Amino acid sequence: MTKSLEERMAIVKDLIFNQPVQLMTSPLKAGTLKNKCIGDSRTGYTVQLDNLSYRGVWVSTIEKINLKVDGEEVPQDTMMLCLKGMKFPLCDTVSHTEVFWGATDTCILSVNKIGGLSKGEHKLEIEIYKRGDFGHSYGEGEEGYENATEFHTPTLYKDEAVFTVE
Amino acid sequence: MKHSITLYGFGYHYMRGEYTLEDVLKKTKKLGAQGFEIVAPQMVEGHPNPSEYWMESFKELYHKYDLEPVCYSIYIDSGKHKGRFLNEAERLTGTINEMEYAKKMGFSVVRSQDALLPKTMEKLLPYAQELGVHLAIELHGPYSPSTPIFQEYAELFEKKNSPHLGVVMDYSAFTSGPPATVLDQFPDDVCHKDLLHKIRKLFTTTEIPTEDLTKMILDEGGDEVDVLIAQQKIYTGLINEKMGTVYYRTHPDYDGFRRLLKWSKYMHGKYWHVDEDLNCDEINYPEFVKIMKEENYDGYIASEYEGSNFSMKYNDEDQLALHIQMLDKLWRK
């Protein structure tokens, strides 16, 4: 083998321990960043989110979404999730326990920002913290939930992409 | 042998918008299945409350391809509420709702999950009877028939002795070890691949202790990189106390499989790789098919390929075709 032991070990450790959570699609849907234009007013921008599982998911399992545009953190109180004709402030997704984000439903992250984004390229970075929809633990209501470790720590899904605003 | 294909197997392309529902039904027919399974929250538009219009269109679609709708797969989504599981009222009403839709769409089996709980399943029996469906709990690895919750379910099946309650056994509950393709992710120039294949085969087909397998790696020219791969990717599924699973390797629970067959009308023929000679290294299909024949199993077996979890080198449709051929060959023996 031409590679040293240290080089090989580094490659193998990266493959075993450092791989991101694999999704069927990237959370930031390509080509969907655009400004919110109402007549001649621009009140912000939107980007579509792609599905986060092999099936549809409950909106209430989304615990937090962080978004950066061109390296700058987007304030939480400016963002909404838009799904099935409904809009939810991001700070309150966990309370929407009866809203199902179907596998092929369009889900839009909407950001309020006077003037929107300038024309040209923008880099978006997103972090989505989400509990599993189901797991192997079981119980009745709160009974035994303390042992349901799969629901205690949300999984982090990360994505980044460069978009062009026309 | 009655073949089914779970449309879930096409999920990767479906979720990416590369296949439509019609595409996957067409492929299912072409691959030789008589029936199919749908994962409701994946491909049922409007789930959990699909429209009458959508359901009628769906029925037209599967009639077009002369396919039987067999299994409607539903979930117990315990993650839905932060801080608690579902309560019984939610599990009951949610499952009845899904069983009604399954019936409307023509499915005969409704597959749920163990988190439904036996006491709730018992209360659902009159609804399953009324609707004429078979409500079944999926037994999925790393659970096994001896896992306490499944022993409770088995007691319920015995007590009720009803064709409307049962189990969908998934062959992941009976694996002997990881598939050959588990090593595909590692480039040839970072490990001793042939040696690791030998170790994987020995792990799957013998009871040589893992300490001795590790010593074998080092004695036969391997090094700590190979040991790390073996520990993380080959010596898997040994002990999982939470699931109640103790040991598979050469001891999959054949007796438990035989016992539960009496309550089974549908099963998930899970696998990760079938080779061109129609062998599946990681699951002893010949022995399980032999038991199915001995017990006169007349339900469906679904081909459920999950090989892309380990390797993207193989075409999923080719793999499905090989799995069906393998099952037919074993059934004819």
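User: What makes the pair A:Glu140 and B:Lys119 a salt bridge?
Analyst: In this predicted model, the closest N and O atoms of A:Glu140 and B:Lys119 are 2.8 Å apart. A salt bridge requires a side-chain nitrogen of Lys or Arg within 4 Å of a carboxyl oxygen of Asp or Glu, so the pair qualifies.

User: How do you know that A:Glu140 and B:Lys119 join two chains?
Analyst: A:Glu140 lies in the loop between β10 (120-130) and α2 (149-152) of chain A, whereas B:Lys119 is in helix α6 (residues 118-131) of chain B. The partners therefore come from two chains.

User: Why is A:Glu140 called buried, and what is B:Lys119 called?
Analyst: The relative accessibility of A:Glu140 is 19%. Buried means under 20%, so A:Glu140 counts as buried. B:Lys119 has a relative accessible area of 42%; with exposed set at over 50%, B:Lys119 is therefore partly exposed.

User: Which residue forms a salt bridge with A:Arg8, and at what N to O distance?
Analyst: The partner is B:Asp223, with the closest N and O atoms 2.4 Å apart. B:Asp223 sits in the loop between α9 (210-219) and α10 (224-234) of chain B and A:Arg8 in helix α1 (residues 5-17) of chain A, so this pair also joins two chains.

User: Are B:Asp223 and A:Arg8 buried or exposed?
Analyst: B:Asp223 is buried, with a relative accessible area of 13%. A:Arg8 is buried, with a value of 5%. The cut-off for buried is under 20%.

User: How many salt bridges does the structure hold over all chains?
Analyst: There are 36. One of the pairs is B:Arg84 with B:Glu90, where the closest N and O atoms are 2.9 Å apart. B:Glu90 has 24% relative accessibility and therefore counts as partly exposed.

User: Which residues of α4(B) and α5(B) meet?
Analyst: From α4(B) come B:Glu52, B:Trp54, B:Met55, B:Phe58, B:Lys59 and B:Tyr62; from α5(B) come B:Tyr101, B:Lys104 and B:Met105. By class, the contact has six nonpolar, no polar and three charged residues.

User: How do you know that the peptide bond from B:His47 to B:Pro48 is cis?
Analyst: Omega of this bond is near 5°. B:Pro48 is in the loop between α3 (40-43) and α4 of chain B.

User: Why is B:Asp66 called exposed, and what does A:Lys84 count as?
Analyst: B:Asp66 has a relative accessible area of 57%. Exposed means over 50%, so B:Asp66 is exposed. A:Lys84, at 43%, counts as partly exposed.

Definitions and conventions: Residues numbered from 1 in each chain as written. Chains lettered and ligands numbered in written order. Predicted model: local features only at pLDDT ≥ 70, side-chain atom pairs only at ≥ 80, totals over all residues. Heavy atoms only, no water. Contact = heavy atoms within 4.5 Å. Helix = DSSP H or I, 4+ residues; strand = E, 2+ residues; numbered from the N terminus. Nonpolar A, V, L, I, M, F, W, Y, C, P; charged D, E, K, R; others polar. Buried < 20%, exposed > 50% of the residue type's maximum accessible area, 1.4 Å probe, protein only.
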